[in-house]
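Please look over the following model before reading on.

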Amino acid sequence: MSGTRRATCASLSFWGCGMRLILVLGDQLSPDLSALREARPDDLIVMAEVMSEASYVPHHPQKIAFLFAAMRKFADRLREAGHRVAYATLDDPDNTQSIPGELLRHAAAHGAERVIATRSGEWRLIAALDDLPVPVTQLPDDRFICSQPEFEAWADGRKELRMEWFYREMRRKTGLLMEGDQPMGGKWNFDHDNRKPAQADLLRIPPPRFEPDAVTAQVLDLVEARFPDNFGRLRPFGYATDRAGALQVLAHFIDHSLDEFGPYQDAMLQDDPFLHHSILSPYINAGLLSPMEVCQAAADAHAAGKVRLNSAEGFIRQIIGWREYMRGIYFLEGPDYTARNVLGHDRDLPPVYWGAPTRMNCMAQAVGQTRDHAYAHHIQRLMVTGNFALLAGIDPAQVHEWYLAVYVDAYEWVEAPNVIGMSQFADGGVVGSKPYVSSGNYIAKMSDYCGGCAYKVTQKTGPGACPFNVLYWDFMVRHRDRFQSNPRIGRAYATWDRMDADKRRQIRSDAAAFLDRLDAGDPV
Ligand code: FAD
Ligand code: DLZ
Ligand code: SF4
């Protein structure tokens with residue numbers, strides 16, 4: 001090495017002068033990734049499509065295709081920017097089919113002295129990299145608004161963590177929708193203006209779909225051949241797979257859907273999977289869009305008078321509030337979080353989650369669109385499939401694996417707090433102060449599903465009664481000790497206690513009969 005080179009190298013980094021491997025994972029497709037910011041011209045960037053990542057849960061084929069296509073295009077952009085990139089396709093004969101294996105293969109081939117990575121969004125990969133027999137530096141993932149030390153400092157000493165307080169900190173930190181130190185419009189949260197059911201006959205412009213180009217078409221053939229049995233339809237595939245496409249989805253959302261997002265964000269409609277939702281989570285989570293640019297676009301649209309405040313605020317809260325909060329909780333709570341099960345639920349996930357025919361129209365709608373698009377919106381995930389799993393007492397670890405597998409935006413850092421915490425209350429109240437459970441009433445109010453259902457939502461007992469009606473009370477009674485003093489749902493027990501004793505017996509026996517059918521694998 002020349003004297004000049006040695007001097008340059010010493011001034012560039014304290015990690016030595018030898019060649020390093022820079023790891024870029026499938027959900028780290030951001031040019032300003034912390035690991036990429038460290039890249040020197042002679043470093044080798046390693047990207048790999050590997051079976052270990054593609055099969056640790058049975059991912060939806062569209063999720064695998066989206067990531068592989070986006071990874072291939074991102075690798076091309078890195079090469080165009082002058083980087084050296086070693087990219088292994090899934091069918092490359094030299095591919096060792098795991099991230100550690102690929103790093104070791106390239107370390108041996110190139111004599112690399114160190115691996116530089118951005119910390120993964122899943123504990124298992126962080127541990128796998130820590131265990132590598134070559135030195136590894138795992139840098140913080142700073143594509144978030146709140147760093148982990150900042151979240152931990154915020155959480156430190158609080159008796160309970162609540163998103164709403166955290167969210168206010170993030171509003172102050174980002175300055176989004178702020179007037180000085182006060183929230184725009186005089187309130188932090190405009191949810192009381194939201195939560196309206198949607199009308200089926202209104203014209204809604206669906207999100208843009210993208211015809212597969214040559215790269216995506218090749219990936220689709222690969223995924224079709226290698227993952228033929230995974231739950232979910234691969235085609236038609238319409239996700240964007242690069243930043244330019246993701247920016248188009250963002251612009252389309254801001255122009256056509258954001259204004260109505262607030263009022264209708266909790267609504268559900270038959271055969272309308274997207275309503276006014278943004279469908280931006282796959283792109284933000286994979287790194288094609290940054291959370292701040294998405295929120296800034298929403299705030300700018302409000303400032304330009306194109307979007308009402310309750311919609312801009314509601315949307316921004318989901319991202320700088322919930323999304324950041326969930327990530328903070330995942331890393332705060334540690335690797336055992338996904339094994340939590342405070343309610344002791346142990347029923348197997350029933351076949352209806354994998355598309356078995358069902359007479360429950362709400363479940364058929366939510367699971368059907370999950371199969372078709374690898375997508376369901378928040379209320380379907382929470383109040384249909386999540387609510388049903390919780391009421392039926394399904395093992396939260398199996399519920400967690402299902403959500404991690406079937407959604408195009410699912411990575412453990414965001415999926416687990418939503419499922420184990422918010423949806424299944426398996427963490428005992430770390431994420432939310434009450435379980436999100438409801439009878440069929442909520443679904444009837446927020447959707448048009450019940451009209452087309454074989455069950456009757458107004459019927460409380462008997463063979464035709466909506467299963468959510470009997471399961472709701474069964475759940476409440478089974479967990480009375482835990483919830484009767486909960487200020488947010490404890491009052492329900494007064495209603496139960498006032499009910500006629502025969503009706504209570506009937507509800508419990510209907511619930512038991514329904515759960516027996518579920519366990520037997522009978523259609524429900
Ligand atoms: P929109 O409704 O348009 O919302 C805008 C954005 O806000 C989203 O793109 C997302 O980035 C963010 N957001 C909204 N709610 C949440 C939330 N609770 N947590 C984190 N971010 C949020 N989101 C994921 O990104 N990955 C998951 O694996 C995931 N699993 C979930 C599982 C359950 C049981 C529940 C109840 C929610 C889950 N969510 C998950 C949150 C939410 O459902 C999705 O972010 C949202 O449906 C994505 O669709 P969208 O982009 O159209 O969102
Ligand atoms: C989800 C996923 C899949 C299906 N395949 C790959 C892959 O082949 N290579 C890769 O680098 N990443 C993949 N990913 C994303 C990782 O699983 C993700 O980085 C971790 O789950 C951490 O969020
Ligand atoms: Fe779902 Fe019950 Fe309505 Fe049927 S009646 S769609 S099961 S809530």
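At what angle do helix H10 and helix H13 pack, and how far apart are their axes? Helix H10 (residues 243-256) and helix H13 (residues 291-303) pack at an angle of about 30°, and their axes are 10 Å apart.

This is a predicted model, in which local features need pLDDT of at least 70 and side-chain atom pairs count only at pLDDT 80 or more, while totals for chains, interfaces and linings use all residues. Residues are numbered from 1 along each chain as its sequence is written, chains are lettered from A and ligands numbered from 1 in the order in which they are written, and side-chain values use heavy atoms, with hydrogens and water left out.

**Helix packing**

- H10 and H13 are therefore roughly parallel to each other (angles under 35 degrees count as roughly parallel, over 145 as roughly antiparallel, 65 to 115 as roughly perpendicular and the rest as oblique), and H10 passes H13 in a right-handed crossing.
- Helix H7 (residues 148-155) and helix H8 (residues 163-174) have axes that come within 11 Å and cross at roughly 130°, which makes H7 oblique to H8.
- The crossing of H7 and H8 is right-handed, a term used if the near helix is turned clockwise from the far one by less than a right angle.
- Axes here are lines fitted to C-alpha atoms, for helices over the stretch in contact, with angles running from 0 to 180 degrees between N-to-C directions; the helices themselves are DSSP runs (H or I, at least four residues), numbered from the N terminus.

**Ligand 1**

- Polar contacts (pairs of N or O atoms within 3.5 Å) include one between an oxygen atom of ligand 1 and a polar backbone atom of Ser281, at 3.0 Å, and one between an oxygen atom of ligand 1 and an N or O atom in the side chain of Asn285, at 2.8 Å.
- A nitrogen atom of ligand 1 lies 3.5 Å from a polar side-chain atom of Arg381, and the protein covers 99% of the 810 Å² of accessible area that ligand 1 has on its own (Shrake-Rupley method, 1.4 Å probe).

**Ligand 2**

- Among the 20 residues around ligand 2, Asp27, Ala48, Val50, Glu53 and Glu122 come nearest.
- Oxygen atoms of ligand 2 are found 3.0 Å from a polar backbone atom of Gly26, 2.5 Å from an N or O atom in the side chain of Asp27 and 3.0 Å from a polar side-chain atom of Glu122.
- Ligand 2 taken alone exposes 490 Å², and the protein buries 100% of that.

**Ligand 3**

- The residues that surround ligand 3 include Cys362, Cys450, Cys453 and Cys466, as well as Met360 and Tyr449.

**Backbone geometry**

- Most residues other than glycine have a negative phi, and most peptide bonds are trans.
- Arg235 and Pro236 are joined by a cis peptide bond, with omega about 0°, and Pro236 is found in the loop between helix H9 (214-226) and H10.
- Ile279, in the loop between helix H11 (258-264) and H12, has a positive phi, near 50°.

Methods. A polar contact is a pair of N or O atoms within 3.5 Å; within protein, one must be able to donate a hydrogen and the other to accept it, and residues adjacent in sequence count only if both atoms are side-chain atoms. Helices (H or I, at least four residues) and strands (E, at least two) are DSSP runs, numbered from the N terminus. A residue is near a molecule or strand if one of its heavy atoms lies within 4 Å of it.
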